[in-house]
Amino acid sequence: MKVTEHIKQGGNSPMISFEILPPTKGKSINSIYESLDPLMEFKPAFINVTYHRSEQIFKQRGDGSFDRVDVRKRPGTVGICAAIMNHYKVDAVPHLICGGFSKDETENALIDLNFLGVKNVLVLRGDPPKGEQYFRPHPLGHNYAIDLVKQVVELNEGKYLEEEIVAGDKTDFCIGVAGYPEKHFESANPMLDIMHLKQKVDAGAEYITTQMFFDNSKYENFVKKCREADINVPIIPGLKPITSKRQLSRIPSVFHVDLPEELTESMMNAKTKVDEQQVGQEWLLHQSKELLKMGAPALHYYTLGKPNVIHNVMKEIM
Ligand code: FAD
């Protein structure tokens, strides 16, 4: 089922979804099941699977010179989404990125996803590879997420890139895109960022999932600004548990988001690792309850290796 259909259908309990990271190569699908198993009792409407582009490393040759090679540390999303859908009978949402892909490679991935019955894609530009400062598109790929949105829309209309395909079947993907309550870090200002978001929606995106935020007023204000800009699709808040003092500096630098003083103060006062986790868990619970009261269409949790914290929060809100 499509994400938008899940949202329309609603239900008595809050609609939730989880996001997982593919394990590093060499690990089996069981590592994913181990982190999802404890959460499945809360019946997520869908599960997102992130995509991680390959990294470029230098390998020394016998003559002492170096070759630049692409190393993919994590498997792609197609197989993982199929496994999740088959194992749990739940919808999977693969993240599809522009970075590192030609348009033809993207079309092939979409064809595979369509064969597998995947109904949703979260369309993103992707970040620059590790060690690079700026995003550089694949020479035969897309510059921005909006260009990838347009490619999926064309496939939904039965228009394939491959010229031999004349009367190709129409796919039926529901397209989600990313939004940033605290502005995308490359954007000159929030107004411009929302203008680019509107372009993605006008091009065919049917819902927005937000970057994580730790202050609900940021989400509230973002939704207000989006509505003023005539962006009327559902805006699903993305929530991440912060569970250690170390994350106080890591999260802002990696994700370009602020942490409220109240949260950082409580975290700094935590005496043990258990206390640190408790602080983060309580904050996440408070955020979740408040967002539901604010009428958020669903809550999307970046579970990323912390299933126990999410589990404890779920027990309180479901
Ligand atoms: P875009 O929408 O293309 O925007 C990128 C920047 O360009 C913004 O500053 C925007 O304002 C600007 N812009 C957009 N259109 C134009 C235009 N026409 N002209 C000029 N400027 C423009 N990354 C991964 O690699 N893998 C993942 O699985 C992944 N999952 C994510 C999930 C969520 C919910 C979120 C919020 C982010 C995720 N990311 C992921 C990170 C994301 O790829 C980065 O934040 C990336 O830098 C921007 O992606 P985007 O899709 O928002 O890009």
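How many positive and how many negative side chains does the chain have, and how far apart do the centres of the two sets lie? I looked this up before anything else. I found 38 positive and 42 negative side chains, with the two centres 4 Å apart. For this count Lys and Arg are positive and Asp and Glu negative, while His and the chain ends are left out. Each charge is placed at NZ of Lys, CZ of Arg, CG of Asp or CD of Glu.

**Conventions.** I am working on a predicted model, in which local features need pLDDT of at least 70 and side-chain atom pairs count only at pLDDT 80 or more, while totals for chains, interfaces and linings use all residues. Residues are numbered from 1 along each chain as its sequence is written, and side-chain values use heavy atoms, with hydrogens and water left out.

**Whole chain.** I read the span of the C-alpha trace along its principal axes as about 60 × 55 × 45 Å.

Of the 318 residues, 48% count as buried. Buried means under 20% relative accessible area, exposed over 50%, and partly exposed in between, with a 1.4 Å probe and protein chains only. The accessible surface comes to about 16,300 Å², and carbon and sulfur atoms hold 50% of it. Areas are from the Shrake-Rupley method with a 1.4 Å probe, and for residues only the protein chains shown count as cover. Among contacts (heavy atoms within 4.5 Å) with a separation of 6 or more, 74% join residues 24 or more positions apart.

**Cores.** I looked for nonpolar cores, meaning sets of buried Ala, Val, Leu, Ile, Met, Phe, Trp, Tyr and Cys residues joined through side-chain atoms within 4.5 Å. The largest has 63 residues, of which Ile84, Val121, Val123, Tyr301 and Met314 touch the most other members. Helix H5 (residues 145-156) gives the most to this core, with six residues. Apart from it lies another core of 15 residues, including Ile7, Met15, Cys174 and Ala298. Beyond its neighbours within four places in sequence, methionine 314 is in contact with Ile16, Phe18, Phe42 and Tyr301.

**Loop between H2 and E2.** Is glutamate 41 buried or exposed? Glutamate 41, in the loop between helix H2 (30-36) and strand E2 (46-49), is exposed, with a relative accessible area of 53%. Its C-alpha is 9.6 Å from that of methionine 314, 273 residues apart in sequence. Methionine 40 is also placed in the loop between H2 and E2, but at 17% relative accessibility methionine 40 counts as buried. Setting aside residues up to four places away in sequence, I list Ile47, Tyr88 and Val90 as touched by methionine 40.

**Loop between E5 and H4.** Serine 102 is in the loop between strand E5 (91-97) and helix H4 (103-115), and at 7% relative accessibility counts as buried. Not counting residues up to four places away, serine 102 touches His138, Leu140 and Gly141. Glycine 100 lies in the loop between E5 and H4 as well; at 39%, glycine 100 is partly exposed. With neighbours within four places left aside, glycine 100 is in contact with Arg53, Glu105 and His138.

**Positive phi.** Lysine 89, not a glycine, has a positive phi of about 55°. I place lysine 89 in the loop between helix H3 (77-88) and E5, exposed at 67% relative accessible area. Histidine 256 has a positive phi near 60°. Histidine 256 lies in the loop between helix H8 (247-255) and helix H9 (261-269) and is partly exposed at 35%.

**Loop between E10 and H11.** Which residues does leucine 304 contact, leaving aside its neighbours within four places in sequence? They are Glu19, Ile20, Leu21 and Lys240. Leucine 304 sits in the loop between strand E10 (299-302) and helix H11 (307-317), partly exposed at 28%. Leucine 304 and isoleucine 20 are 284 residues apart in sequence and 5.6 Å apart, C-alpha to C-alpha.

Notes: Helix = DSSP H or I, 4+ residues; strand = E, 2+ residues; numbered from the N terminus.
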